[in-house]
Amino acid sequence: MTLMRANAVSVSLGDAPVLAGLDLEIAAGEVVGLIGPNGAGKTTLLRAMAGLLPLDDGEICVQGRPLHRIDRVSLARMLAYLPQGGDSHWAVSVETLVMLGRLPHRDPWHGPSETDRAAVEQALVACDIAQFRDRPATHLSGGERTRVLLARALAGDPGLLLADEPVAGLDPGHQLDVMAKLRDLAGAGAGVVVVMHDLTLAARFCDRLALLHDKRIAAEGSPEIVLSPSTLARCYGIRAYHGSAEGNAIVVPLERVKPGPGHAST
Amino acid sequence: MVSAAASGTGKRAGERAVLATLAVAVVLAFAASLLVGPAAIGLPEMLHAIFSGQADIAALIIREVRLPRAILGLMIGATLGLSGAALQGFLRNPLAEPGLVGVSASASLGAVLTFYTGLSGLFALALPLGGMAGACIGVVIVQSLAGRDSSPLTLILAGIAVTSFAGALTSLTLNLAPNPFAALEIMFWLMGSLADRSFEHVWLSAPFMIAGSLLLATLGRPLDALTLGEDAAHTLGFNLRALRHRLVFGTALCVGAGVAVTGAIGFVGLIVPHILRPVVGHRPSALLPASALGGAVLTLAADVAVRLLSPGRELKLGVLTALVGAPFFLYLVLRLRKQLL
């Protein structure tokens with residue numbers, strides 16, 4: 001089932017076109033890795049899909065309905081956006097912060113319901129942060145903070161999660177933890193789009209990769225296809241070692257190469 | 001599950017206890033405001049004067065002098081605390097205060113112009129009406145300067161621009177004052193005071209303050225959502241542009257009406273939310289009612305203090321809040337600096 005479809009989407013930031021005629025589909029139950037060089041527009045695409053940026057052209061549909069026709073609260077119930085970084089401005093407790101994820105679901109006139117509390121509790125346990133639920137959200141290590149923010153997104157029980165570099169700055173153990181949580185969410189039927197730079201990790205955990213280059217999706221499909229030597233040379237300008245271990249692709253960047261003909265033509 | 005529910009309930013109970021304590025403090029400060037003054041009136045006489053409807057001297061003093069003064073102190077303190085908490089939540093800056101959006105300065109200018117033109121001498125309500133007109137014009141300019149986007153930065157810049165310009169025009173008015181007495185009268189009024197206010201002032205400002213407070217009181221959830229920044233709040237289903245409009249108009253109604261009847265009373269809106277934030281677990285929504293109560297306590301207490309400190313020649317309330325508030329502001333800066341290191 002298609003959860004989200006981007007159809008010939010064009011987005012500009014100021015006067016600069018960032019995305020031009022981009023197409024992408026996200027299905028229920030899959031983890032899609034959004035990769036591409038710095039400045040390719042990965043965050044812009046994610047923000048456009050979250051309804052945070054106006055489109056110059058094209059259309060983004062969530063569950064068949066155009067994004068701009070869906071009211072804010074309904075959209076917030078379907079979709080969670082996990083921005084890059086994301087500091088808490090106030091020293092609220094971790095539990096209070098995770099409870100923010102329930103805001104779209106909550107009764108406007110009452111405190112949190114039993115359902116809200118149960119969802120928060122589940123998210124706290126799933127992200128392994130229940131033991132410091134009372135700690136101020138401003139006093140967390142990078143790994144803890146990432147898990148807290150992920151728990152906030154999970155607490156809303158989203159059908160679609162858009163995560164912008166959720167594993168940036170994490171040690172390998174926490175990277176595996178976070179990616180495993182995203183897989184669990186997809187396993188439960190949600191669609192997940194995750195922006196990342198670690199190609200091996202992307203190949204290991206994503207069903208599908210979409211490589212953003214030159215304002216559109218330059219390659220899309222299984223990790224083996226997208227991470228081919230010619231595509232890496234063309235889009236990233238690198239030569240990489242390709243191997244495998246326990247059935248997982250391993251991609252280790254080795255050296256810069258001259259951008260291929262695809263890049264020169266732009 | 002059980003422990004989570006218990007800790008959640010515990011937090012709610014803690015917040016209720018804070019609000020109940022503050023409410024008791026408001027009642028005590030309000031009673032003190034009725035009891036303290038040049039004429040010695042005891043508690044039984046005070047209660048008798050309010051509820052009996054008799055017309056002896058004590059009853060007149062309580063009903064015509066001290067009651068409107070206490071009610072104004074309560075309303076102005078509460079709205080200053082509330083709008084300060086809302087602004088700090090929206091701008092996500094603990095140093096924000098109601099004066100920041102330019103309303104205080106433009107209300108002052110409007111009131112000062114009624115002095116200068118002599119309108120305030122013609123009829124008593126010209127002064128507060130001028131203040132409100134100034135506040136309205138100020139807020140329209142700030143809103144149009146800040147533009148259609150919801151960024152806090154443009155709001156701050158627009159507020160600073162309007163505040164500086166209104167301040168310059170106020171100085172110009174003082175400069176061109178027809179005589180030193182007029183200038184002195186303006187200066188005294190600008191300092192902010194609750195003395196010699198009547199029920200006319202209460203009736204004039206109350207509708208605006210109540211409307212403004214209702215606007216601000218509904219902002220709890222969007223302000224909570226802003227804890228994680230604008231993108232997060234937006235994707236949690238909140239319209240930030242509507243939030244900014246409600247915030248600016250709510251603050252303008254509250255502060256504009258307040259400045260119009262009492263002059264500028266600074267620092268209450270800055271200090272109160274700051275002191276109470278840790279007490280309510282730093283949640284912006286919980287801080288709104290707490291700051292309203294806290295602002296009322298501080299303003300009523302400060303107004304009692306000015307009567308006690310210098311009974312003959314009363315200190316202006318705005319002078320006292322600034323004398324206490326400015327060092328506190330310095331302390332805040334020092335503490336923030338330490339946190340940043």
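Which residues point one way from strand 3 of chain A, and which the other way? In this predicted model, Val31(A), Gly33(A) and Ile35(A) point to one side of the strand, while Val32(A) and Leu34(A) point to the other. Each of these residues is buried. In a regular strand, side chains alternate between the two faces of the sheet.

**Strand 3 of chain A and its partners**

- Strand 8 of chain A (residues 191-195) runs parallel to strand 3 of chain A, and 4 bridges join the two.
- Within strand 8 of chain A, Val193(A) stands opposite Val32(A).
- Strand 9 of chain A (residues 208-213) also pairs with strand 3 of chain A in the parallel sense, over 4 bridges.
- Leu211(A) in strand 9 of chain A is the bridge partner of Ile35(A).

**Nonpolar cores**

- The largest nonpolar core comprises 127 residues, of which Ile35(A), Val98(A), Ile129(A) and Met196(A) touch the most other members.
- Helix 12 of chain B (residues 240-262) gives the most to this core, contributing 11 residues.
- Apart from this core lies another, of 35 residues, including Ala50(A), Ile60(A), Met78(A) and Leu160(A).

**Surroundings of Val98(A)**

- When neighbours within four places in sequence are left aside, Val98(A) is in contact with Val120(A), Ala123(A), Leu124(A), Ile129(A), Val148(A), Ala151(A), Arg152(A) and Ala155(A).
- One of these contacts, Ile129(A), is itself among the residues that touch the most other members of the largest nonpolar core.

Technical notes. Residues are numbered from 1 along each chain as its sequence is written. Chains are lettered from A and ligands numbered from 1 in the order in which they are written. This is a predicted model: local features need pLDDT of at least 70, side-chain atom pairs count only at pLDDT 80 or more; totals for chains, interfaces and linings use all residues. Side-chain values use heavy atoms; hydrogens and water are left out. A nonpolar core is a set of buried Ala, Val, Leu, Ile, Met, Phe, Trp, Tyr and Cys residues joined through side-chain atoms within 4.5 Å. Buried means under 20% relative accessible area, exposed over 50%, partly exposed in between (1.4 Å probe, protein chains only). Contact means heavy atoms within 4.5 Å. Two strands pair if DSSP finds at least two bridges between them.
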